Amino acid sequence: MSSSPVKPLPRWIDVGLVPVINIVIALLVSGLIIFAIGENPWEAVKIMAYGALGFDEGIGYTLYYMTNFIFTGLAVAIAFHTGLFNIGGEGQAYIGGLGVGLCLLALDTALPIWILLPLCILASGLFGAAWAAVPAYLQAYRGSHIVITTIMFNFIASALMVYLMVNVLIKPGQMSPQSVTFAEQSHLPFMSEVFAWFGMEIAQTPLNVTVFWAIFCCIALWAFIWRTKWGFETRAVGHNEPAAVYGGVDPKRTIMIAMFISGGLAGFVGLNEIMGVHHKLLLNFQFGYGFTGIAVALMGRNHPFGIVLASLLFGILYQGGAELAFEMPKITREMVVTIQGLVILFSGALAYMSVPWVSKVYNILAADKPVPSDSISAEGEA
Amino acid sequence: MKHFLKTASAAAVLLASFSASAADIKPSVVFDMGGKFDKSFNEGVYNGVEKFKKETGIKYREFEVTNEAQREQAIRRMAKRGSDIVLGIGFAQSDAVKKVAGEYPNGQFAIIDGFVIAPNVNAILFKEHEGSFLVGMIAAMKSKTGTVGFVGGMDIPLIRRFGCGYLQGAKHANSSVKVIQNMTGTTPSAWNDPGRGGELTKGQFAQGADVVFAAAGGTGVGVYQAAKDAGKFAIGVDSNQNHLHPGTMLTSMIKRVDVAAYNTFMNAKNGTWKGGITSLGLAEDGVGWALDKHNRSLISADMENKVEAARKDIIAGKIKVHDYMDGNKCNM
């Protein structure tokens, strides 16, 4: 802000109120469009909210989508902190799923689940990381731009998967390019089953125990970025590479580490989908999650906690949107994508559009109060 | 004007609810990722169920899936809402239909292109290789260069089945014919990529092909345009696409998903619906080749006679068309 008497916004407004205002604007514009096609916007909002959060099945699907978005959102965030734009979450998730699939195809009957689970976590992470490592190497040591290489690797991943599923891993004599179903004992428990252990009955949804792993990853990534030497180095490279080099950081190595973690996190989508939901290897299970992860990271300001909230929001939009398409025949799935797009537009691309107004209002309201002490940290964050 | 529209639509709704009063069924359909306006497979189903709606006045519920998890969710939701018949579209919905049909043993389910064995599921399968065989013959007979092309959508077994039938038909008509095969891509976007379809077609023309068969959904539009621009021939797929470019469209390989969808709803309405496998080939008119006023001048009497003879021979079992799904390879 240029004019000197303007006070900086306190942190709770910057990271709490402004995003909420952005979402409200997006919903208002969506409401106008819904009104224009002849449906009741208020009714639509109610259907969306109820569909996503109003009953056990809706909540299950919302949290299931959230699980995937957390993984891809974190993957984009760690790369962002290093100043890299990883658009390859889609391909890394795909190959991560391949890792889980190969692991389970080989060992699903041989080992108990408590050994299989860590193995599969490792497999999905390593496969995803390996897929990210090639673009990372090309960026760090050969100067090929990572935006180009990661997006290319998405196509290579899908070509590889189609080749494998159609020619090698397909269960013979069927139309669908799918592998055989893994043995029952290797399936991760659905949350409906977990609740059943405690005698509670909830609707069956794709939500499974991977959601706990997603939450764990958030905490682990937070600790990595803000509590370790390597995390400090990634942020240093991201903020100012020459300064980081002057400080003794090897940016090449840092890029490799950050992208390795990024790819691994994206690969966990494969864990959720293949071991948790589908129980077989198939095509396109990752469809769209990698790209949506970019919006999730933007909206969550690259902070794990923000990413959880943004993932939840996108889960609501996905599940609520499906309910909307289901209940209101006039609202097609393209309409639902439009609403999602508006939310991304207003809270991602136009995230700071409302800041001057909010700041004006805040300055009028807080004119005769002293500057709050936490405003300094808010400024540092921005 | 707005007021008039409102009144008119209210009247229409009223009318529909009157005509749909007595002992009507509640049908529903779950379209797959391509969407109901894909100019091809899903749209064929859409046309079929729309025809049902128009004739009977019975409305249906519909949903278009956008990701893997929604298939099962949508089919279960339809069943839960008391749909009398749930129609799933595309092989990708097979597992979802199978699972939900198990949960609702009294419900009626149908799936097009999916192989599901259950007492309350009607699996409707098409013998695409038989229809492709006939258009392959036509392509080989029409070709002056002795080279014909095939542009598939996404590289999956179903499309290889089209290609394999086409190859056999072409070789049947002219044993020395050369067949160039290309797939558009490896992601679902390959079903709707006219630009790439056009490029592949031009590439095939450059290699000497003068007739190209597209089995690629919306991508085919680009294939046909490229053929028209180059003054060569193209063959349509799924619905009769002869009218798109008269003079260029040699014929179309018809796959009557619209009839299958219509019959499914009709049978459910009339109480004549049955579970089990329905296999639709040349004998059942489930697949075939299109001859109408748009391509009449392109097909000589000799060609027509030969294709019709082959059609009868396939129905009679004298010509065996190898199915790619039989061993997942194309035996030539």
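Chain B has 10 helices and 12 strands, where helices (H or I, at least four residues) and strands (E, at least two) are DSSP runs numbered from the N terminus. The radius of gyration of chain B, taken over C-alpha atoms, is 21 Å, close to the 20 Å that the globule rule (2.2 Å times the number of residues to the power 0.38) gives for 332 residues, so chain B is as compact as a globular protein of that length. This is a predicted model, in which local features need pLDDT of at least 70 and side-chain atom pairs count only at pLDDT 80 or more, while totals for chains, interfaces and linings use all residues. Residues are numbered from 1 along each chain as its sequence is written, and chains are lettered from A and ligands numbered from 1 in the order in which they are written.

Between the two chains, 23 residues of chain B are in contact with 23 residues of chain A, contact meaning that the C-beta atoms of two residues, placed from the backbone, lie within 7 Å. On the side of chain B that touches chain A, two or more residues are given by each of strand 2 (61–64), helix 3 (68–80) and helix 6 (157–173) of chain B, and the largest share, 5 residues, comes from helix 3 of chain B.

In chain A, helix 3 (residues 56–81) has 26 residues and reaches 36 Å from its first C-alpha to its last, close to the 38 Å expected at 1.5 Å a residue, the expected span being 1.5 Å times one less than the number of residues. Helix 3 of chain A is followed by Gly83(A), whose phi is positive, near 80°.
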